[in-house]
Amino acid sequence: MSDHEFDNYLALLSRLLRLGQKQRDAIAGELRSHLEDRLEELLARGVPRDEAVRQALEEFGDAAAMAAEFVSLSGNKRKRWIMRLTTASVAAIVLIAAGIFTFWPGRNAGPGPAQLVAQPPATQAAAAADEKSVQEHKDIAIKDLLDRRMAFIFKEVPLRDLAKQLSMQNGITIYVDTRHLEEAGVNTDTPITQAFTDMRFRTFLDLMLGELDLTYFIKDDVLIITTPESAEGQRVIRVYDCRELLSLPHPRGSGVSKVARGGGFFAVQDEPGEKPAPAAGGTAAPPAGAPPQNVPGGGRADGGAGGQDIWDVDSLIDLITTIVDPDTWDDVGGPGSIAEYKGLISVASTQQVHEKVERLLNMLHQAGGLKESKVTVVE
Amino acid sequence: MVTNKFERDLLRGSLDLVVLSVLAGGGKKYGYLIQKEVREASGGRVDLAAGTLYPLLHRLEDDGLIRSSWDASTGRERKWYELTAAGRKRLSAQAQEWADYAACIRQLLTIAKVQPAS
């Protein structure tokens, strides 16, 4: 006598439970028997069926709130599991370190190079690989997590507890910068109510913290929740390798209007005056007197070799500082600065600005069809 | 009969005790039954919503104070709960604490000469 109204409710609740399938089924099954008992009782009392179904569900309340209760329970369970795991990994790393130390070349009195290659067998390589993957996994985790979609259901959960739950459920460390929050008059007891069934972690943080006039940044694998003022003080310097991006050939006709109106194709020349532009070859013959148009517009370049590069770098920097948080750059009195050396663009700014810069550059790499469609970042 | 329910805040600290004591009555009970017995035993003044009861039961089970099993012999597949030895121990400890607490509050009210508004 399973009523499909119950099915809908239980299916929704089950979707909201971020638990294993078995656990979800068990919870849904248990709640179903309760609903059916209740329905039976109400029907026996002469309540019309529709009314009885409605009432049984109403007594159950909001599926989201109920799911949140169960999920927060499992958070506690997972915490224990993570702690066990952490203890285990610490032990493993100690063993690995011991292994490496034993096989460290310097300890064996003067092994020849050949011996070095032959002697430390799989152990060292495996140990090194293990250690590397541990580190990598950690790095990836927090960055990946920000882009992961999941359900966020919180009903009047204090900010402090919410941070705890998020960190347990996702196996990351979240630190709430209580001192700066208190200085800014934000209480960590502030109850938070949010319900999203499918949202990127990043978007959720932006939304939830934005409502409290707070923000976050990531430092040493820790996600730190703080005030925008404090986050601005946390400048990070990164270097973005844009050489590949800058050496992209200009597509035909693009950017031309800025440079010259008459002889379009000539503006695509790489080396003014040295040889005919490859792009122009085969198409319309260049009209006489066009070459001077190769000098980029605005007088920004010296017109010599490499002038094009400077023009490109400047426009790339312009692009970044116009698109990414325009009011944070130092030319408008913000804390961020950006400079270039041979196609390596160094940026000193907050974590969040860096993330946006990185994403923009990656998008440009992708749009430019570069095979490594990802910018190289040095931190 | 008009029943006025207890304040939520007052109840919050004693919900474990409420559920454990209903289970102490002996035998296995399922959620719906527990809810009903709590309601009846309290004269309708304690009403455990399903949204409170089930997460609570799961937490008590996680803590090893109760254990559960599935059984369909009553005509419907139900999850039955019963007290464990640890649960029984916790129950008597909590009962003692509540008795002390109630005595303490009564004492305070007597000293302050506060008469309950009837």
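## Salt bridges

A salt bridge here is a side-chain nitrogen of Lys or Arg within 4 Å of a carboxyl oxygen of Asp or Glu. In this predicted model, 26 of them turn up over all chains, and six lie across the interface of chain A and chain B.

One links the side chains of Asp37(A) and Arg78(B), with N to O at 2.3 Å. Asp37(A) sits in helix H2 (residues 21–44) of chain A and Arg78(B) in strand S3 (residues 78–83) of chain B, so this pair joins two chains. Helices (H or I, at least four residues) and strands (E, at least two) are DSSP runs, numbered from the N terminus. Glu36(A) and Arg76(B) also pair up through their side chains, at 3.4 Å, N to O.

## The A–B interface

On chain A, 20 residues are in contact (heavy atoms within 4.5 Å) with 19 residues of chain B. Together the two chains bury about 1,700 Å², 56% of it on carbon and sulfur atoms; that's the accessible area (1.4 Å probe) lost on being put together, summed over both.

In chain A, helix H1 (residues 4–16) packs on helix H3 (residues 49–60) at about 20 degrees, axes 10 Å apart. Axes are lines fitted to C-alpha atoms, for helices over the stretch in contact, with angles from 0 to 180 degrees between N-to-C directions. The contact uses Glu5(A), Phe6(A) and Tyr9(A) from H1(A), plus Val53(A), Ala56(A), Leu57(A) and Phe60(A) from H3(A).

## Ground rules

Residues count from 1 along each chain as its sequence is written, while chains are lettered from A and ligands numbered from 1 in written order. Local features need pLDDT of at least 70, side-chain atom pairs count only at pLDDT 80 or more, totals for chains, interfaces and linings use all residues, and side-chain values use heavy atoms, leaving out hydrogens and water.
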